[in-house]
Amino acid sequence: MASTEKKTLYTAEASAIGGRSGHVRSATGIIDLDMSVPEGLGGKKGATNPEELFAAGYSSCFQQALLVIAQRAGDKLDPQTEVKCSVSLFQEGEGYGLSAILDVDLKAFDREKTIDMVRQAHKICPYSVGTRGNMEVELRVQGERISVQAEENAGVAEKEGA
């Protein structure tokens, strides 16, 4: 069994001051945002929150995973392909958690091929791999939930033979 060495490709850095009612800034300065509790929970307008930032990152990352899957199959995604991600904050007892819904519209492929590509992308997307087993992630194609079996959630980041 060949072992593969983990190779860090990129590291992002950001800092926060003041928690949910504070400010975040990336080391590059590209992200430089006021934070707030979500407006619906009493927060202020004009500020973002951790859930919005997570949803933006996850949708972008999943879109890239779809591009990789399409490229591997010799396909090309429609430029209007869209991945929507909604991230929900919930309270359970004394703790808090997150859940996500990814809703994919590939525009150019039939439903079965789209479902297959979404399942494959879910296996390799770093956000999907990183959240697997830690938060509920629902997959949808054009608003309709698709089932995902436990074995389909096996990530490529797992060790072979484990």
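Phe54 and Tyr58 sit four residues apart, about one turn, in helix H1 (residues 50-72); helices (H or I, at least four residues) and strands (E, at least two) are DSSP runs, numbered from the N terminus. The model is predicted, so local features need pLDDT of at least 70 and side-chain atom pairs pLDDT 80 or more, whereas totals for chains, interfaces and linings use all residues. Residues are numbered from 1 along each chain as its sequence is written, and side-chain values use heavy atoms, without hydrogens and water.

Three aromatic pairs are found in a search of the whole structure. The ring centres of Phe54 and Tyr58 are 6.0 Å apart and the planes stand at 90°, so this pair is edge-to-face. Rings of Phe, Tyr and Trp (its six-membered ring) pair if their centres lie within 6.5 Å; planes under 30 degrees apart count as stacked, over 60 as edge-to-face and the rest as tilted. Tyr58 is buried, with a relative accessible area of 0%, while Phe54 is partly exposed at 22%. Here buried means under 20% relative accessible area, exposed over 50%, and partly exposed in between (1.4 Å probe, protein chains only).

Tyr58 also pairs with Tyr127: the ring centres are 5.2 Å apart and the planes at 25°, so this pair is stacked. Because Tyr58 lies in H1 and Tyr127 in helix H3 (residues 126-131), the pair ties together parts that are 69 residues apart in sequence. Tyr127 is partly exposed, with a relative accessible area of 27%. Phe54, Tyr58 and Tyr127 form one aromatic cluster.

A nonpolar core is a set of buried Ala, Val, Leu, Ile, Met, Phe, Trp, Tyr and Cys residues joined through side-chain atoms within 4.5 Å. Of the 27 residues in this core, Phe62, Leu66, Met117 and Val118 touch the most other members. At least two residues each come from H1, strand E4 (82-92), strand E5 (95-105), helix H2 (111-124) and strand E6 (136-141). Leaving aside neighbours within four places in sequence, Val118 is in contact (heavy atoms within 4.5 Å) with Phe62, Leu66, Val104, Leu139, Val141 and Ile146.

H1 and H2 also meet directly. Their axes, lines fitted to C-alpha atoms over the stretch in contact, with angles from 0 to 180 degrees between N-to-C directions, come within 8 Å and cross at roughly 115°. On the H1 side the contact includes Tyr58, Phe62 and Leu66, and on the H2 side Met117 and Val118 are among the residues involved.

Strand E1 (residues 14-17) runs antiparallel to E2, joined by four bridges; two strands pair if DSSP finds at least two bridges between them. Ser15 stands opposite Arg25 in E2. Five residues separate E1 and E2 in a hairpin, and Gly18 in the turn has a positive phi of about 85°. E2 also pairs with strand E3 (residues 32-34), antiparallel and over three bridges, with Leu33 in E3 as the bridge partner of Val24. This second hairpin again has five residues between its strands, and Gly29 in the turn has a positive phi of about 85°. Strand E2 (residues 23-26) has Val24 and Ser26 on a covered face and His23 and Arg25 on an uncovered one.
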